[in-house]
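Student: I would like to learn how to read the features of a protein model, one at a time. Could you take me through them on an example?

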Amino acid sequence: VVVPEVYSLDQNYPNPFNPATTLSFALPEASHVTLTVFDLQGRVIAELVKGLREAGIHEVTFDASQLASGLYFYRLQAGAQAETRKLLMLR
C-alpha cells in the first residue's frame with residue numbers, strides 16, 4: 001500500500017458528470033474523515049464518508065441521479081485538515 005505524504009482531495013472525475021462521479025482523497029495517516037456534498041446554499045446534500053479511515057488513497061462514488069443539474073461543492077475534513085472543491089452535474 002502506498003502511503004501519501006500529505007492530505008489531499010482530488011478533483012472528481014468525470015467533471016462535469018451525469019449521473020455519477022468518483023471522488024478520491026489521500027490520507028498520510030489514519031484519520032477521522034468526513035466527506036460531504038453541499039449545494040450552493042450550503043445545505044448538506046450527501047454525507048459520503050464519516051468515520052475512521054486508514055492511511056492511503058480512497059475512492060468514493062457519488063450518485064447524483066436524484067439531483068438537479070448545477071454546481072455543487074464537496075468538502076473533505078480529515079483530522080485538522082479541510083479542503084473543498086467544486087463539481088458540476090449536467091443532465
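Student: Which residue in the hairpin of E3 and E4 takes a positive phi?

Tutor: Before I answer, note that this is a predicted model, in which local features need pLDDT of at least 70 and side-chain atom pairs count only at pLDDT 80 or more, while totals for chains, interfaces and linings use all residues. Residues are numbered from 1 along each chain as its sequence is written, and side-chain values use heavy atoms, with hydrogens and water left out. As a general idea, most residues other than glycine have a negative phi. In the hairpin of E3 and E4, with five residues between the strands, it is Gly42 that has a positive phi, near 85°.

Student: How many bridges join E3 to E4, and which residue is the bridge partner of Val37 in E4?

Tutor: Two strands count as paired if DSSP finds at least two bridges between them. E3 and E4 (residues 44–53) run antiparallel and are joined by eight bridges, and Val37 has Ala46 as its bridge partner in E4. E3 also pairs with E6 (residues 70–78), again in the antiparallel sense, over six bridges, where Phe38 is partnered by Phe73. Strand E3 itself (residues 31–38) is mostly covered, with six of its eight residues buried; here buried means under 20% relative accessible area, exposed over 50%, and partly exposed in between, with a 1.4 Å probe and protein chains only.

Student: Which strands form the open sheet, and in what order?

Tutor: The open sheet has three strands in the order E1-E2-E5, with antiparallel pairing. E1 (8–9) and E5 (56–63) are its edge strands, each pairing on one side only. E2 (residues 20–27) is joined to E5 by eight bridges, and the partner of Ala26 in E5 is Ile57.

Student: Which residues touch the most other members of the largest nonpolar core?

Tutor: A nonpolar core is a set of buried Ala, Val, Leu, Ile, Met, Phe, Trp, Tyr and Cys residues joined through side-chain atoms within 4.5 Å. The largest one has 20 residues, and those touching the most other members are Phe25, Val33, Leu35, Phe62, Tyr74 and Leu87. E2, E3, E4, E5, E6 and E7 each give two or more residues to this core, the largest share, four residues, coming from E6.

Student: How many salt bridges does the structure hold, and is Asp39 buried or exposed?

Tutor: Side chains of opposite charge can pair when their charged atoms come close. A salt bridge is defined as a side-chain nitrogen of Lys or Arg within 4 Å of a carboxyl oxygen of Asp or Glu, and the structure holds two. One joins Asp39 and Arg43 at 2.7 Å, N to O, and Asp39 counts as buried because its relative accessible area is 8%. The other joins Arg85 and Glu83 at 3.5 Å, N to O. Arg85 is partly exposed, at 28% relative accessibility, and Glu83 is likewise partly exposed, at 28%.
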